[in-house]
Amino acid sequence: EEKELIIIKQYLPPELGEAEITDLVKEIIKENNSTSPADFGKVMKLAIAKVAGQADGSKVSQIVKELLEQNQ
């Protein structure tokens, strides 16, 4: 299974780091004038579209939630 995982990872896009995800989400928040946790759904939709399989959705969700709470 470990050998299979190595082979599969060769075909996947590289994962984005936390800092890269944070920068991307900050950009989306700024572009869309999102200012509160009520905008979570809108920001998540755009963020998931931009990361396109390069990041875990739960990690993106966590970052979006934290940044929107900071903007209040």
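1. From the N terminus on, the elements of this protein run α-α-α-α. That makes four helices and zero strands. Keep in mind that the model is predicted.

2. Overall shape comes next. The radius of gyration is 14 Å, well over the 11 Å that the globule rule gives for 72 residues, so the protein is more spread out than a compact globule. The C-alpha trace spans about 45 × 20 × 15 Å along its principal axes.

3. On burial: 25% of the 72 residues count as buried. The cut-off here is under 20% relative accessible area.

4. On contact range: take the contacts between residues at least 6 apart in sequence. Of these, 59% join residues at least 24 apart.

5. Now the helix pair α2 and α4. Two packed helices are described by the angle between their axes and the distance between the axes. Helix α2 covers residues 18-31 and helix α4 covers residues 57-70. Their axes come within 10 Å and cross at roughly 50 degrees. That angle makes α2 oblique to α4. The crossing of α2 past α4 is right-handed.

6. Which residues in α2 meet α4? They are Glu18, Ile21, Thr22, Val25, Lys26 and Ile29. On the α4 side, the partners are Lys59, Val60, Ile63, Val64, Leu67 and Leu68. The residues of this contact divide into eight nonpolar, one polar and three charged.

Key
Residues numbered from 1 in each chain as written. Predicted model: local features only at pLDDT ≥ 70, side-chain atom pairs only at ≥ 80, totals over all residues. Heavy atoms only, no water. Axes fitted to C-alpha atoms, helices over the stretch in contact; angles between N-to-C directions. Helix = DSSP H or I, 4+ residues; strand = E, 2+ residues; numbered from the N terminus. Parallel < 35°, antiparallel > 145°, perpendicular 65-115°, else oblique. Left-handed = near helix turned anticlockwise from the far one by under 90°. Contact = heavy atoms within 4.5 Å. Nonpolar A, V, L, I, M, F, W, Y, C, P; charged D, E, K, R; others polar. Rg over C-alpha atoms; globule rule 2.2 N^0.38 Å. Buried < 20%, exposed > 50% of the residue type's maximum accessible area, 1.4 Å probe, protein only.
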